[in-house]
Amino acid sequence: VRFDAASGDDAHAVEIFDGEPVTDRRSTFQAFLAVGVDSLDKAQWAFRAILARNKCGRATHNMRAYRFTDAAGVRRADNDSDGEDGAGEKMAYLLDVLDADGVAVVVSRWYGGVHLGPDRFRHIAHCTQKILEAHGHARRDNARKKRS
């Protein structure tokens with residue numbers, strides 16, 4: 001992962017929360033949520049801070065997604081699957097459907113030696129949704145309107 005110089009500048013610091021780990025067939029998934037993200041610099045600071053944690057640095061995959069509205073009122077969003085094909089896109093879709101704004105999410109996976117097939121995407125989505133809900137960033141009423 002490449003970060004620019006601003007990602008190491010504590011002027012862009014945001015609050016980070018750890019989600020509850022989920023284990024299935026010796027693979028463990030855990031989400032991390034950064035709140036107060038309103039710029040790419042803050043999203044990158046959050047990703048760098050999360051990935052710098054010793055346990056995340058040892059993860060097999062660190063899927064990432066962010067969504068925020070910048071100072072000009074423009075919605076910004078992006079994602080990275082980190083080798084877990086399509087996982088970042090699924091996380092980004094959840095951020096959109098749940099109308100989460102001002103957030104960056106990382107879901108780390110520590111591979112346990114057993115292939116999970118499509119179940120891994122269920123765990124990634126579950127971890128993403130649970131941490132957003134736990135910290136008040138999943139607007140369910142808006143999510144229902146978008147599906148209608």
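Phe68 is buried in the predicted model, with a relative accessible area of 3%. Phe68 belongs to an aromatic cluster that also contains Phe47 and Tyr66. Tyr66 likewise counts as buried, because its relative accessibility is 13% and the limit for burial is under 20%.

Two aromatic pairs are present in the structure. In the pair formed by Phe47 and Tyr66, the ring centres are 6.3 Å apart and the planes stand at 45°, so the arrangement is tilted. Phe47 is located in helix H1 (residues 40-52) and Tyr66 in strand E4 (residues 61-69), so this contact ties together parts that are 19 residues apart in sequence. Both Phe47 and Tyr66 are buried. In the pair formed by Tyr66 and Phe68, the centres are 5.6 Å apart and the planes stand at 25°; the pair is therefore stacked, given that planes under 30 degrees apart are assigned to that class.

Charged side chains are also placed over aromatic rings. Arg64 lies over the face of Phe47, at 5.7 Å from the ring centre. Elsewhere, Lys90 is positioned over the face of Phe121, at 5.3 Å from the ring centre.

Helix H3 spans residues 87-97. Its buried residues are Ala87, Gly88, Met91, Ala92, Leu94, Leu95 and Val97. In an α-helix, residues three or four places apart point the same way, because there are 3.6 residues a turn. Just after H3, Asp99 adopts a positive phi of about 55°.

Technical notes
Residues are numbered from 1 along each chain as its sequence is written. This is a predicted model: local features need pLDDT of at least 70, side-chain atom pairs count only at pLDDT 80 or more; totals for chains, interfaces and linings use all residues. Side-chain values use heavy atoms; hydrogens and water are left out. Buried means under 20% relative accessible area, exposed over 50%, partly exposed in between (1.4 Å probe, protein chains only). Helices (H or I, at least four residues) and strands (E, at least two) are DSSP runs, numbered from the N terminus. Rings of Phe, Tyr and Trp (its six-membered ring) pair if their centres lie within 6.5 Å; planes under 30 degrees apart count as stacked, over 60 as edge-to-face and the rest as tilted. A charge sits over a ring if NZ of Lys or CZ of Arg is within 6 Å of the ring centre and within 35 degrees of the ring normal.
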